[in-house]
There are 2 protein chains.
Amino acid sequence: MSDLDQLAINTIRLLAVDAVAKANSGHPGAPMGLAPAAHVLFQQMRFNPKDPAWLNRDRFVLSNGHACALLYSLLHLFGYDLGIEDLKQFRQLHSKTPGHPERGIPGVEVTTGPLGQGVGNAVGIAIAQKHVAAKFNKPQFSLIDGYTYCFFGDGCMMEGVASEAASLAGHLQLGNLICFYDDNHISIDGDTKFAFTEDVGKRLEAYGWHVITVKDANTDLAGIAAAIEEAKKVTDKPSCIRLVTTIGFGSLQAGTGSVHGSPLKPDDIIQVKKKFGFDPEKTFYVPKEVYELYAKTSKAGAAAEQEWQQLFAKYQQQYPELGEELARRLTDKLPQGWEKALPRYTPQDKALATRKLSEMVLTSISDIVPELIGGSADLTPSNLTRVSNAVDFQPPSLKIGDYSGRYIRFGVREHGMGAIMNGIAAFGSNLRPFGGTFLNFVSYAAGALRLAALSHHPVIWVATHDSIGLGEDGPTHQPIETLAHFRAIPNLMVWRPADGNEVSAAYYKSLSSEKTPSVIALSRQNLPQLEGSSIEKAAKGGYTLVSTDKPDVILVASGSEVSISVEAAKVLANKGIKANVVSIPDFFTFDRQPRDYQLSVLPNGVPSLSVEVMSTAGWSKYSHEQFGINTFGASGKAADIYKSFEFTPEGIADRAEKTYNFYKGHELLSPLNKAFESIHYF
Amino acid sequence: MSDLDQLAINTIRLLAVDAVAKANSGHPGAPMGLAPAAHVLFQQMRFNPKDPAWLNRDRFVLSNGHACALLYSLLHLFGYDLGIEDLKQFRQLHSKTPGHPERGIPGVEVTTGPLGQGVGNAVGIAIAQKHVAAKFNKPQFSLIDGYTYCFFGDGCMMEGVASEAASLAGHLQLGNLICFYDDNHISIDGDTKFAFTEDVGKRLEAYGWHVITVKDANTDLAGIAAAIEEAKKVTDKPSCIRLVTTIGFGSLQAGTGSVHGSPLKPDDIIQVKKKFGFDPEKTFYVPKEVYELYAKTSKAGAAAEQEWQQLFAKYQQQYPELGEELARRLTDKLPQGWEKALPRYTPQDKALATRKLSEMVLTSISDIVPELIGGSADLTPSNLTRVSNAVDFQPPSLKIGDYSGRYIRFGVREHGMGAIMNGIAAFGSNLRPFGGTFLNFVSYAAGALRLAALSHHPVIWVATHDSIGLGEDGPTHQPIETLAHFRAIPNLMVWRPADGNEVSAAYYKSLSSEKTPSVIALSRQNLPQLEGSSIEKAAKGGYTLVSTDKPDVILVASGSEVSISVEAAKVLANKGIKANVVSIPDFFTFDRQPRDYQLSVLPNGVPSLSVEVMSTAGWSKYSHEQFGINTFGASGKAADIYKSFEFTPEGIADRAEKTYNFYKGHELLSPLNKAFESIHYF
């Protein structure tokens, strides 16, 4: 190792030490242990800090996101828009250096911290890289040929989400994915011998990975470099470079858990700076030579991008159609007029399950929106996510698809699917991932779903079998709390369409979205095409479907309960009670309509009753009374279950009548009228 | 294979075929493929169908729960309280044979169906078996020496929850755990080659398992039996017997995905019955010889139990203290008066984080409640779940604990931890599992949490770092939707205590519970001991903490926002507005108080404002107005974040004043007054 290497590595280590010390909060240990690997890796990566969005950059994911002091230091040193003053604001409110890496910071590819997610994101990015390369690369035009790198630690490897994603990565033979396992034998509880004694390398090999060990990744820079070279040569397997490191290298507490998540003690900082030949009086010190060293990489990256831009210009001439398409995708805009392909329905069209109507949307738009890419967590024939002419995204050697394919067989790996979708969306070039499973099992992926919302990835969950209406599979499969949960996640659309037009609206809004993910909840059972629905109305998130003059009561419903509510309104009419029926397919979208419009749907003075076959939690936003199911479902024929829970026209009418009588003669405000506006709304 | 073996196996297969056909719904394929293994396994298992709760029975978990027609058929044939008429009611409403196995059905150990969970449950049961054995077994008194068996399929092996649990099982060297992998190469999407080409056996070996392959598990009964014998001899590793089977064995569709989740076609049923030598005209037919054959096992099991009861009677004489304790545990009752050990506080006691107060409860009751067993998902020093004299539950060979230990190092495996806790609770002998992680990461385990509630396992989640108050770790770690999600799960207590007395109340109610699990959300930051709190009041789920004569407004808060609300009430008093402060530490418990009591806390005529630093969803149950955070949190010092979101005495008082002014002069009902009572409340 040269003196300059040593100096640069220790600079990274000490920036992390100083940032954590100044914040009096954070994780110095992993940055100190991983600095050598980062030093070697980043110098041979291809990126342009002046254009962090350049498509053909190599990607780097820090799955052990708590080590972000490492990442922020690197981004600063390599010249990203992250100044030394930003490092001094580490973990302070509104800084550019929050406690875990957040997408949006220049150079941060994905938001990490929740363990295991980054591994899944990296698999997703590598999938996207392979796919876009297969779609656009041509002889002499290697437009996409980067690598996806990922650091992860023991914590990530213990998490199931990482296991799921790693298994799929092996199956998919993602040779462009190169991970680094920080094998430092320490987790928060102390030595990994307490809970984690498996053979990680052997496990990854079982998944189909190539595994290389660097026995002393504290000092053996040549070994790290050689491992990267070897990994790059293995083109038909993801690689894992196992780095045996010392957590907190240089600290008096090196190799112990105490250096994981707490600042180094002042004395320790002094001794480590002295040991590294730094002035202990100085903080956040960067030798000029280190800036100069890393500037070479950044300069080379800028030159590479310039070369690439010229190549792409030539490509656009030689392949005008593909060139235009990629250029469009780089603007993150869908093909103009794509939404005209969305199917529309009239009440004369036959009753269909909304999952089937979803398949019809996918069929209609699949060719028109070529950046749509996705699949199902092994429920393809149930989720109806695969259009008939789809090509599977598979390694060509398996002869069941190729990398240009857009249908991904995720396997029974919901959480992995969620993290992978986030990674695909993070890749750029407007890829629009979707993933199917039963609504109830989106919950398995709650960790990834929340990160999609937090990170602004507009992914789409195709969540079929959305209620007790799935019938015989019973309470283990029937969502109750699920929509309440998802609707409480900030920046998430949760669509539950009632018919074909509403399904089209759900896809219209979901695909139009640039920063908000969606869950589209779809029925297993057939639903009639409604009189009065339209894409335009449903695209407002909520609207009056059945309107009466001076209604006595308003039924507010979603999905499969809308048509039953329409029937309930007829039962009420026979009793002399005039009922409007309001369909609210998506809270998020309805919440963003002008107040006047909202109040036209839910006016003052009229009592309202929500109707949905799940938890009533959350529905008081739009109703005075709630009819729902605050217990678990049951196994049986769907019609029997609906009847048993009294979700019939008569059962609904009964509650509506009680609602009407309860509020009759009383002053009543719309539930939308509140004493103050929330200032904290995403 | 003898003719009788063949007959019995085909009887099982055809019962499953007939049950699925009659229901016109279900999964015949796996039962047909697994019948031989089930036939061999069940005959050598030890159980008494007349007393399914006998402690020293062998346990059987069907992790691929969709194959429940297999399990129900076995339970019927071996003489459990499940008649042939019950099999005919397969998947019908209110039957004893629902679409997936549900705990409560005689002979069903755990509720399965959501894939992967059963593997985790089995690991938990095996842990419990090891622990109770280590605690109570004595020379000549092998009171607990059973095995835990589990069937799982490809779907389970793809799920991260199973990976997590399997890795821990290997670490823990659970030789009493013997699993059977139904390697039939088929999942719902078709051939496993589409998504699942890893080497499962090698992966399990990497986890530390012993793996045995039975190459033809359709016919090689001797091979299956030999594999079980071999597995039993490996006492320091869990075993997996890989069964190469044919899904839908005997059907014309055998070996294809079409036999996985749909009934066999009528023609196919006729041919398979003929092929098996059965009368195609008969359905649900059981030859007398088959009943007789299996009755031998059941009879032997009944005799074994009788012997065991005699052994236990002797044990009680020879080891009166231990004997009494086990006898007590078998009644599922905690030691009398245990709750007297719960700490109580006065306002003079110092401010402490509720996670610290939780540690003090655990310290106080650990010796008094010896059936308390649990740990943390690698956050021990943060969750404060380990009392100082704890012994780790570890394989003795590692020399860091033993199987009598009650502190479990779960590793960073939240979902696995949840499924394992459910299994421990399912074991019986009143084991009361708890598991710690950050509140936000309980969401990783949503699948297991929901099953705890559905299955009535009174497990306890110790969920620390419960809000933006965790500070610097930032929005990736700060719950927003989390409590709204959990509160919407039926049969789940969600405690968020405000001080020491409320923490004691949370544990009091959680441990007193026999069928309702709990999440206890605990602060990272210090909170003052409140004037007016008590265990008794908090144990009602909600109570008036600060009471004024004829209040103008009520502040309704939980956890860390209660003390700030008390300060806000003082700010309001200075403005001439009289405010009550209500603390609602648990919705579930408060919902179950008498209506009169509830209305004394939240009376008609007084406007109320909820105050909680998370999603407002769900709070309208108890308040007219809601002050919360419907966006993501932020990284920074906790105090800065609270201030930024205006959760200060002044910020709360401002919203309270607006609430008061908004409703002044208007008729107002308590939010508890509703037009109709929900009839569907768990």
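Copies first. I found that 100% of the interface residues of chain A are also interface residues in chain B, so the copies meet through the same surface (contact means heavy atoms within 4.5 Å). This is a predicted model, where local features need pLDDT of at least 70, side-chain atom pairs count only at pLDDT 80 or more, and totals for chains, interfaces and linings use all residues. Residues are numbered from 1 along each chain as its sequence is written, chains are lettered from A and ligands numbered from 1 in the order in which they are written, and side-chain values use heavy atoms, with hydrogens and water left out.

Next, annotations. The unreviewed UniProt entry marks A:Asp154, A:Asn184 and A:Ile186 as "binding site". They span 33 residues in sequence, yet no two of their C-alpha atoms are more than 7.9 Å apart, so they gather at one spot. I placed A:Asn184 in the loop between strand 3 (177-183) and strand 4 (186-187) of chain A. Helices (H or I, at least four residues) and strands (E, at least two) are DSSP runs, numbered from the N terminus. UniProt, again in an unreviewed entry, puts "domain: Transketolase-like pyrimidine-binding" at residues 352-529 of chain A. That stretch is 35% helix and 17% strand, with its end C-alpha atoms 8 Å apart. I keep in mind that such annotations may be inferred rather than shown by experiment.

Then helix packing in chain B. The axes of helix 7 (residues 160-171) and helix 15 (residues 414-427) of chain B come within 8 Å and cross at roughly 75 degrees. That makes the two roughly perpendicular (65 to 115 degrees; under 35 is roughly parallel, over 145 roughly antiparallel, the rest oblique). Axes are lines fitted to C-alpha atoms over the stretch in contact, and angles run from 0 to 180 degrees between N-to-C directions. On the helix 7 side I listed B:Val161, B:Glu164, B:Ala165 and B:Leu168; helix 15 brings residues including B:His415 and B:Ile420.

Helix 11 (residues 288-318) and helix 12 (residues 320-330) of chain B pack at about 130 degrees, axes 5 Å apart. They are therefore oblique to each other.
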